[in-house]
Amino acid sequence: KEDPSKMRRISFNEITKTAVKNSIKQPRDLDMNLVDAQQARRMLDRMVGYTISPLLWVKVKRGLSAGRVQSVALRIICDREDEINSFIPEEYWSLEGEFRVKGEKKPLQAKFYGTDKKLPIHNKAEMDELLGKLENAEYEITEVKKGERIKNAPLPFTTSTLQQEAAKTLNFSTQKTMRLAQQLYEGIDIKGSGTVGLISYLRTDSTRISQEADEAARTYIGEQYGENYVSTSGKMVKKDQKIQDAHEAIRPTDITRTPVMVKESLSRDQFRLYQLIWKRFVASRMQPAVYETISARINAGEYLFTAASSRLAFDGFMSVYTDPDEEKKEKNAAVRSLEAGTELALEKMDPQQHFTQPPAHYTEASLVKTLEELGIGRPSTYAPTITTIINRRYVAKENKNLYMTELGEVVNNMMKEAFPSIVDVNFTATMEALLDRVGDGSVPWKTVVENFWPDLYEAVTEAEKNLEEVKVEDEVTDVICENCGRNMVVKYGPHGKFLAC
């Protein structure tokens with residue numbers, strides 16, 4: 001009943017003394033457009049969830065659910081499974097040669113390239129023919145090129161990239177990552193400082209960093225690593241339509257609070273996540289790494305081989321933050337000493353047969369990446385969405401990979417048949433864009449809801465009449481019921497699996 005014009009709202013991006021104090025000094029008016037957008041999103045989610053879930057209870061079994069984002073995520077996984085199942089591998093071959101250079105101890109590895117353009121080798125017959133032609137060829141280095149390759153520093157974390165990186169390097173599920181990040185954000189009791197929020201807000205899709213934090217980071221890097229490590233460019237990111245720039249990137253609230261200093265106050269997993277965030281943020285304000293590269297072309301009659309090597313000349317941001325896949329050592333060092341005109345002696349050829357691989361199964365990390373790229377859901381919804389489809393047993397998780405279950409396929413097929421627009425990827429992304437338009441005041445929220453409801457209502461009514469019921473059988477066990485002597489089955493309740501007669 002209060003008059004909205006008397007209400008004020010404060011917002012801050014980190015729970016630290018200064019941030020909270022400043023936010024109280026700068027309250028803003030309520031933005032009714034944002035209120036409407038939130039209201040419309042909630043209405044749409046409920047319309048989908050509350051009308052389609054009961055339908056699934058009737059047609060399949062109780063306890064199932066459908067949702068605006070969840071059903072699309074399920075469909076994405078299902079489509080990938082179909083791709084994998086219908087994949088037909090194709091054969092191809094690769095060829096490496098090992099050469100001897102006069103006066104060099106180490107042999108030189110070179111890859112077969114082709115003629116002037118790359119030549120694919122499809123089967124054993126082609127390979128044998130090629131090897132025949134190469135048998136008596138003379139091998140000579142025709143050119144050696146030196147250059148440098150620059151590897152840019154990474155951007156600071158957003159919700160999505162944090163979930164992906166934590167899954168990759170720490171093996172955390174998205175849910176676990178968010179739980180730990182929430183604890184770091186709300187505050188940890190640090191010896192000597194009281195309770196402190198260690199990271200800025202954890203639900204964000206922006207890589208923007210506040211002026212103050214940026215300057216503090218540059219000063220810190222200059223003192224700890226040297227001025228030549230401080231990034232000179234202000235990193236600006238291409239503005240994507242989908243980004244809501246309300247919060248800055250996820251970063252430590254105080255860069256001088258290094259992971260080592262707080263290690264004793266944190267649990268092991270909190271420490272590992274904080275360290276990841278801290279290192280990534282420091283790295284994002286550092287100079288790129290520079291590699292010296294050298295490549296050689298080797299003529300073999302009408303064919304070409306190539307050899308390449310690179311070594312780290314300046315480690316830049318990699319002194320703090322490296323990819324586990326990034327090799328520090330120099331490979332194929334023999335290339336360094338080569339000069340054009342040198343003749344080579346062939347030691348041996350190594351032909352290898354390969355087959356093209358089907359697309360990989362989704363993992364939690366790659367699913368988050370796909371949802372973000374397609375503009376489906378928001379930073380705060382990735383983790384709960386994935387958790388829901390796993391808990392509903394539409395999807396099973398084994399060794400990081402997500403697989404469809406029989407139940408998941410039944411539900412997905414039913415949704416595709418009865419509600420094609422709701423599980424359509426573009427529809428859901430367009431809906432997110434529309435809600436953003438409500439948020440900036442260009443579309444009234446009631447119009448969005450008005451346009452959405454009649455089609456949904458009609459589809460639900462149709463489905464109630466026409467959809468066939470599908471029975472998903474319970475899994476039978478070899479445990480015998482003590483009352484009637486029949487085999488018991490596995491059922492699922494609110495607390496997980498149980499045995500039932």
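Predicted model: local features only at pLDDT ≥ 70, side-chain atom pairs only at ≥ 80, totals over all residues.
**Close-up 1. Helix 3 meets helix 10.** Helix 3 covers residues 70–85 and helix 10 covers residues 364–374. The two pack at an angle of about 115°, and their axes sit 11 Å apart. Helix 3 goes past helix 10 in a right-handed crossing. Look for Ala73, Ile76 and Ile77 on the helix 3 side; they touch Leu367, Thr370, Leu371 and Leu374 of helix 10. Sorted by class, that contact has 6 nonpolar residues, 1 polar residue and no charged ones.

**Close-up 2. Strand 8 pairs with strand 5 and with strand 9.** Strand 8 runs over residues 289–300, and it pairs with strand 5 (residues 139–151) in the antiparallel sense, over 12 bridges. To find your way around that pairing, pick out lysine 145, which stands opposite serine 295 of strand 8. Strand 9 (residues 303–314) is also antiparallel to strand 8, this time over 11 bridges. Here asparagine 299 has leucine 304 of strand 9 as its bridge partner. Strands 8 and 9 make a hairpin with 2 residues between them, and in the turn glycine 301 has a positive phi of about 60°.

Close-up 3. Cysteine 484 is partly exposed, at 41% relative accessibility, while cysteine 501 counts as exposed, at 53%. The structure as a whole holds 0 disulfides.

Definitions and conventions. Residues numbered from 1 in each chain as written. Heavy atoms only, no water. Axes fitted to C-alpha atoms, helices over the stretch in contact; angles between N-to-C directions. Helix = DSSP H or I, 4+ residues; strand = E, 2+ residues; numbered from the N terminus. Left-handed = near helix turned anticlockwise from the far one by under 90°. Contact = heavy atoms within 4.5 Å. Nonpolar A, V, L, I, M, F, W, Y, C, P; charged D, E, K, R; others polar. Disulfide = S-S within 2.5 Å. Buried < 20%, exposed > 50% of the residue type's maximum accessible area, 1.4 Å probe, protein only. Pairing = 2+ DSSP bridges.
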